Amino acid sequence: MNKINDVIGPLVHLFEIGFPHTEPFLDGPVIQSAYLRALRHGHGLDHTVRAVEHAARPRPTVVMAYWDSVTRYGPEHVTGLFADAGAAGVMVVDLPTHMAARWHQAASSAGLVTPSLVPRHTPNSGLPAAVAGASGWLYAPASTDLTGHQGAVDIPALAGFTQRLRQATSVPIVSGVGISTPALAARIAPLVNAVIIGTPVVRALLTKSGQAAAVAASFAQALRPTFREHRV
């Protein structure tokens with residue numbers, strides 16, 4: 001089975017698993033709390049690999065990681081473990097430019113796609129470097145705030161940003177961060193190829209775990225009319 005095609009094809013059906021990090025500076029309180037809770041219980045690389053093994057059985061699974069967590073074990077070691085566990089890719093959200101070549105080589109050798117997060121403030125002149133080496137998709141944050149943002153989202157600004165990204169690359173565009181309700185997800189969906197929902201589900205898992213499935217289902221239901229006709 002071709003892992004790259006598994007992700008690029010049915011892009012609207014996948015799991016994203018976070019690799020716990022002590023200082024997830026792009027994440028808000030909910031994700032930070034989840035990471036720290038996992039680390040307190042000793043849930044590091046080995047547990048993340050096992051989570052990937054479990055998740056990858058029903059759906060393509062991508063890992064979200066910070067570079068510090070990757071370098072602690074080595075890019076080649078980390079990509080090999082996640083590939084063997086069945087992951088389709090790994091997105092390093094703060095990948096240093098000077099380490100990009102090594103990272104992409106390690107991931108490519110392991111058969112993993114390497115999605116890239118592109119900050120909204122990236123100028124047109126910086127887009128070629130920002131998208132270089134990205135595969136699977138580009139992540140265009142809906143909000144410029146941290147994950148878990150529950151305020152307003154500047155949809156016209158996001159629309160303009162996704163248009164700039166499409167002019168720079170043919171890689172599919174997904175959005176996440178600040179997509180706090182199913183209704184907002186439905187408004188953003190026409191702009192992108194897929195929507196990533198994280199904090200609402202994690203919040204439910206941390207507070208009322210029995211409701212997490214219902215929360216995920218509510219977002220899926222809101223997105224279904226758009227993505228039934230909008231496939232990569």
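This report describes the sheet, cores, salt bridges and some single residues of a predicted model.

## Basis of the description

Because the model is predicted, local features need a pLDDT of at least 70 and side-chain atom pairs count only at pLDDT 80 or more, whereas totals for chains, interfaces and linings use all residues. Residues are numbered from 1 along each chain as its sequence is written, and side-chain values use heavy atoms, with hydrogens and water left out.

## The sheet

Helices and strands are DSSP runs numbered from the N terminus, where a helix (H or I) has at least four residues and a strand (E) at least two. Strands of a sheet pair through backbone hydrogen bonds, either parallel or antiparallel. Here an open sheet holds 3 strands in the order E1-E2-E3, and the pairing is parallel; two strands are said to pair if DSSP finds at least two bridges between them. Strand E1 (15-18) and strand E3 (89-92) stand at the edges with a single partner strand each, so one side of each has no neighbour in the sheet. On average, neighbouring strands of this sheet are turned by 25 degrees against each other, direction ignored, where the axes are lines fitted to C-alpha atoms and angles run from 0 to 180 degrees between N-to-C directions.

Strand E2 (residues 61-65) pairs with E3 in the parallel sense over 4 bridges. Val 63 stands opposite Val 90, which belongs to E3.

## Two nonpolar cores

A nonpolar core is a set of buried Ala, Val, Leu, Ile, Met, Phe, Trp, Tyr and Cys residues joined through side-chain atoms within 4.5 Å. Buried means under 20% relative accessible area, exposed means over 50%, and partly exposed lies in between (1.4 Å probe, protein chains only). The largest core has 23 residues, of which Leu 138, Leu 165, Ile 188 and Val 195 touch the most other members. Two or more residues each come from helix H7 (127-131), helix H8 (155-168), helix H9 (182-188) and helix H11 (212-227), and the largest share, 4 residues, is given by H8.

Contact means heavy atoms within 4.5 Å. When neighbours within four places in sequence are left aside, Leu 165 is in contact with Val 118, Leu 127, Leu 138, Ala 140 and Ile 173. Another core, of 21 residues, lies apart from the largest one and includes Leu 45, Val 52, Phe 82 and Leu 112.

## Salt bridges

The structure holds 2 salt bridges, each defined as a side-chain nitrogen of Lys or Arg within 4 Å of a carboxyl oxygen of Asp or Glu. One of them joins Asp 68 and Arg 72, with the closest N and O atoms 2.9 Å apart. Both residues lie in helix H4 (residues 67-73), 4 residues apart, which is about one turn of the helix. An α-helix has 3.6 residues a turn, so residues three or four places apart point the same way. Asp 68 is partly exposed at 39% relative accessible area, and Arg 72 is partly exposed at 46%.

Arg 102 and Glu 76 also meet in a salt bridge through their side chains (2.9 Å, N to O). Arg 102 lies in helix H6 (residues 100-110) and Glu 76 in helix H5 (residues 75-85), so this pair ties together parts that are 26 residues apart in sequence. Arg 102 is partly exposed, with a relative accessible area of 41%, and Glu 76 is partly exposed at 44%.

In H5 the buried residues are Pro 75, Val 78, Thr 79, Phe 82, Ala 83 and Ala 85. Seen down the axis of H5, these buried residues fall within an arc of 160 degrees, so they line one face of the helix; the arc is that of the directions from the helix axis to the C-beta atoms. Gly 86 follows H5 and has a positive phi, near 105 degrees.

His 104 is found in helix H6 and is buried, with a relative accessible area of 16%. Apart from neighbours within four places in sequence, His 104 is in contact with Leu 95, Thr 114, Ala 132, Gly 133 and Ala 134.

Gly 148 sits in the loop between strand E5 (138-139) and H8, and at 24% relative accessibility Gly 148 counts as partly exposed. Leaving aside neighbours within four places in sequence, Gly 148 is in contact with Thr 199 and Arg 203.

Val 215 lies in helix H11. Not counting residues up to four places away in sequence, Val 215 touches Pro 200, Val 201 and Ala 204. Val 215 and Ile 197 are 18 residues apart in sequence, and their C-alpha atoms are 10.0 Å apart in space.
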